[in-house]
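Hi everyone, thanks for coming. I'd like to walk you through one model today, so please have a look at the screen.

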Amino acid sequence: MKDLFKSNPAQIPQRGTCKRKDEMSNQAEHQQPAPKKPRLVFTDLQRRTLQAIFKETKRPSKEMQVTIARQLGLEPTTVGNFFMNARRRSMDKWKDEDPKTVAVEEGQLSPTIGIGQRQPSDVL
């Protein structure tokens, strides 16, 4: 049995290797990877406009994104990515803050009603 493995080592899978990783390394040897696209930096006008629109509309429609892109000289995918990233950043900011304060500021809760103050009659 040991002789079988010694005679044909290609049949023994190596530990910790991934087929896709091996395929990618073989492809990388034959061709040069495409140069990385430079990072886009918004102009001051583009950034302020996108932020102002985001304050009003968290999820603009595709048609609205295309219109914004045309007006600002950007790609529609870039505008879509801006809104996706802005929503993510606003959620991260929301998680960092005290949930009680955020809920009151957004008008979801009345500041006069205490959170967590339950009466014995509230329990079922």
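Predicted model: local features only at pLDDT ≥ 70, side-chain atom pairs only at ≥ 80, totals over all residues.

Before the helix packing, a word on geometry: axes here are lines fitted to C-alpha atoms, for helices over the stretch in contact, and angles run from 0 to 180 degrees between N-to-C directions. Helices and strands are DSSP runs (H or I, at least four residues, for helices; E, at least two, for strands), numbered from the N terminus.

Residues are numbered from 1 along each chain as its sequence is written, and side-chain values use heavy atoms, with hydrogens and water left out.

Now the overall picture. Of its 124 residues, 15% count as buried, where buried means under 20% relative accessible area, exposed over 50%, and partly exposed in between (1.4 Å probe, protein chains only). Contact means heavy atoms within 4.5 Å. Among the contacts with a separation of 6 or more, 49% come from residues 24 or more positions apart.

Let's settle on helix H3, residues 44–56. How does H3 sit against helix H4, residues 62–72? Their axes come within 11 Å and cross at roughly 160°. That makes H3 roughly antiparallel to H4, because angles over 145 degrees get that label, with under 35 being roughly parallel, 65 to 115 roughly perpendicular and the rest oblique.

On the H3 side, Gln-46, Thr-49, Leu-50 and Ile-53 meet Met-64, Ile-68 and Leu-72 of H4. By class, this contact has five nonpolar, two polar and no charged residues. For the classes, Ala, Val, Leu, Ile, Met, Phe, Trp, Tyr, Cys and Pro count as nonpolar, Asp, Glu, Lys and Arg as charged, and the others, Gly among them, as polar.

Next comes helix H5, residues 76–96, whose axis comes within 11 Å of the axis of H3, at a crossing angle of roughly 60°. That makes H3 oblique to H5, and this crossing is right-handed. Leu-50, Gln-51, Ile-53 and Phe-54 of H3 make the contact with Val-79, Phe-82, Phe-83, Ala-86, Arg-87 and Ser-90 of H5. Here the classes are seven nonpolar, two polar and one charged.

Leaving aside residues up to four places away in sequence, Gln-65 touches Pro-60, Pro-76, Val-79 and Gly-80.

Finally, the charges. Side chains of opposite charge can pair when their charged atoms come close. With a salt bridge taken as a side-chain nitrogen of Lys or Arg within 4 Å of a carboxyl oxygen of Asp or Glu, the count is two. Asp-44 pairs with Arg-47 at 2.3 Å, N to O, and these two are three residues apart in H3, about one helical turn. Arg-48 also bridges to Asp-44, with the closest N and O atoms 3.1 Å apart. Shared partners join Asp-44, Arg-47 and Arg-48 into one network. Asp-44 is partly exposed at 41%, as are Arg-47 at 35% and Arg-48 at 46%.

Key
Left-handed = near helix turned anticlockwise from the far one by under 90°.
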